Amino acid sequence: MLKEEILDFIVCIRCKGDLKKDESYLICNKCNIKYPIKNSIPHMLEEHIIAIDEE
Ligand SMILES: [Zn+2]
């Protein structure tokens, strides 16, 4: 299980900012990107980053 405390350690690799936890993603609102969480493990490499489409 992904524990909430983990979020205290994990920051966005681009801006070093805080991330918001979604059901299956960690989201950086600053960069408009999200990192997938698979099997409760956040994938935090540049190659895993998914761009969030802007409205
Ligand atoms: Zn960021």
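Colleague: What spacing do the donors of the zinc ion follow along the chain?
Modeller: This is a predicted model, in which local features need pLDDT of at least 70, side-chain atom pairs count only at pLDDT 80 or more, and totals for chains, interfaces and linings use all residues. Residues are numbered from 1 along each chain as its sequence is written, and side-chain values use heavy atoms, with hydrogens and water left out. Donors are N, O and S atoms within 2.8 Å of the metal (3.2 Å for Na, K and Ca); water is not among the atoms, so sites may look incomplete. The SG atoms of C12, C15, C28 and C31 coordinate the zinc ion at 2.2 to 2.4 Å, and the spacing is C-x2-C-x12-C-x2-C.

Colleague: Which geometry does the site of the zinc ion have?
Modeller: Four donors count as tetrahedral if all angles lie between 85 and 135 degrees. The ideal angle for four tetrahedral donors is 109.5 degrees. Here the angles among the 4 donor atoms are 103 to 115°, and the site is tetrahedral.

Colleague: Which side chains meet in a salt bridge?
Modeller: A salt bridge is a side-chain nitrogen of Lys or Arg within 4 Å of a carboxyl oxygen of Asp or Glu. A search of the whole structure finds 1. The N to O distance is 2.7 Å, and the side chains are those of R14 and E46.

Terms used
Four donors count as tetrahedral if all angles lie between 85 and 135 degrees; four count as square planar and six as octahedral if opposite donors are over 155 degrees apart and all others between 65 and 115; anything else is irregular.
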